[in-house]
Amino acid sequence: MQHIVLARRPEGAPTTDDFRLETSPLPTPAEGEVLVKLSHFSLDPYMRGRMDDAKSYAEPVPLGGTMTAGGVGEVVASNHPGFEPGDHAFGMFGWASHGCLPGKELQKLDPTMGPTTAALGVLGMPGFTGWAGLMTYGDPKPGETLVVAAATGPVGSIVGQLAKAKGLRVIGIAGGADKCQMALDTFGFDACLDHRAYDDASALRAALADACPDGIDIYFENVAGKVLEAVLPLMNTGGRIPLCGMVAWYNAGALGANQGGAMDQLPKLWRTILVKRLHVHGFIITDLWGKYGEFMKEVAPMVAAGQIRFVEDVAQGLENAPTAFIRMLEGGNKGKQIVAL
Ligand code: NDP
């Protein structure tokens, strides 16, 4: 089997030299284990954090260890009573051609219910993150205004579509005219701004203010950086900020380092949260896993009915995963980034 390991820890933005393709013998499943030949695996922003040797909510990938990822594929050998060859399954197999895991850690998939890759995006961890963050910490109400960046990605696109379905005005922020068009045409947002078209936060803020005449009630935070700086002064009193991610700062190292002057804004930030009585709630999706059944019950039928749409960006071949990953962190992906094997 082949897999991609972490060759060295990146300084700043990752490069292809931080990864290495390795070959190892195909494992034989031990008692209770299942061997799966992967068809696809997922590339997600959180993997950038796993490349650093920094204290976080999850252990870093060790040097020489296989990069973490959720994947889907077909069972080729099983030593677990719940799986047999030919079954389809999802598991945390890593950036690899095959994976061998205990059957109890796998989720069986029914390929007749739709593409199994949905388990990596709209009906998997990212889709669940959007739903859980919005419903648990966003308190969406009809007539309110929601802003979400990385608007065409798997998290942002479900946040916006769910908010639209609940009667909110939804403004996306995305990188590039094509993505903004996708937010309008494919995902049904009310408006979408191209953050690359504005030199600084105040220019972006002026455009956002025009797009949000009643202010912003919910800012679903995916990116931070310039977008956060633009959004904060426009938040309405009592506004909610589900703090999901901050991809604009993932390459900047540990918080506390000078992030392009961002830390100079700290007193202003704190004061805004105070005087506007903002509800800022950081969350890590693994803590909310108990709600996954509820999510599937609500969202899977909406996906099947075409009420929630999803777009996949498929890179071909394991060897191209590092390039696709780097591209995704820079905003080169259009929709959920996956790798096909
Ligand atoms: P995406 O597929 O949307 O990919 C990341 C996107 O971030 C890029 O496509 C790009 O979109 C945007 N981006 C990158 N750099 C910048 C920048 N400097 N300024 C503005 N936008 C930028 O990612 P996901 O939908 O998978 O994830 C979205 C967020 O959710 C991430 O922050 C991720 O870490 C977080 N997350 C958090 C979880 C949790 O448990 N808290 C779980 C899952 C995801 P564009 O070109 O449109 O700007």
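At what angle do H2 and helix H8 (residues 292-304) pack, and how far apart are their axes? In this predicted model, local features need pLDDT of at least 70 and side-chain atom pairs count only at pLDDT 80 or more, whereas totals for chains, interfaces and linings use all residues. Residues are numbered from 1 along each chain as its sequence is written.

H2 and H8 pack at an angle of about 95 degrees, with their axes 10 Å apart; axes are lines fitted to C-alpha atoms, for helices over the stretch in contact, and angles run from 0 to 180 degrees between N-to-C directions. H2 is therefore roughly perpendicular to H8, given that angles under 35 degrees count as roughly parallel, over 145 as roughly antiparallel, 65 to 115 as roughly perpendicular and the rest as oblique. Helices here are DSSP runs of H or I with at least four residues, numbered from the N terminus. Gly127, Phe128, Trp131 and Ala132 of H2 make the contact with Tyr292, Phe295 and Val299 of H8, where two residues are in contact if their C-beta atoms, placed from the backbone, lie within 7 Å. This contact of H2 with H8 comprises 6 nonpolar, 1 polar and no charged residues (Ala, Val, Leu, Ile, Met, Phe, Trp, Tyr, Cys and Pro count as nonpolar, Asp, Glu, Lys and Arg as charged, and the others, Gly among them, as polar).

Helix H2 (residues 125-138) also packs with helix H3 (residues 154-165), at an angle of about 45 degrees and with the axes 8 Å apart, which means that H2 is oblique to H3. On the H2 side, Pro126, Gly127, Thr129, Gly130, Trp131 and Leu134 meet Pro154, Val155, Ile158, Val159, Leu162 and Ala163 of H3, and the residues of this contact divide into 9 nonpolar, 3 polar and no charged.

The chain is divided into domain 1 (2-121 + 311-340) and domain 2 (125-286), with bounds that come from an automatic or database domain assignment. The centres of the two domains, taken over C-alpha atoms, are separated by 28 Å, and 16 residues of domain 1 are in contact with 15 residues of domain 2.

Both domains give residues to the shell around the ligand, so the ligand lies between them. The ligand is surrounded by 31 residues, of which Gly153, Gly175, Gly245, Ala248 and Gly331 are the closest; a residue is counted if its C-beta atom, placed from the backbone, lies within 6 Å of the molecule. H2, H3 and helix H6 (225-231) each supply at least two residues of this shell, with H3 giving the most, at 3 residues. By class, the shell has 17 nonpolar, 12 polar and 2 charged residues.
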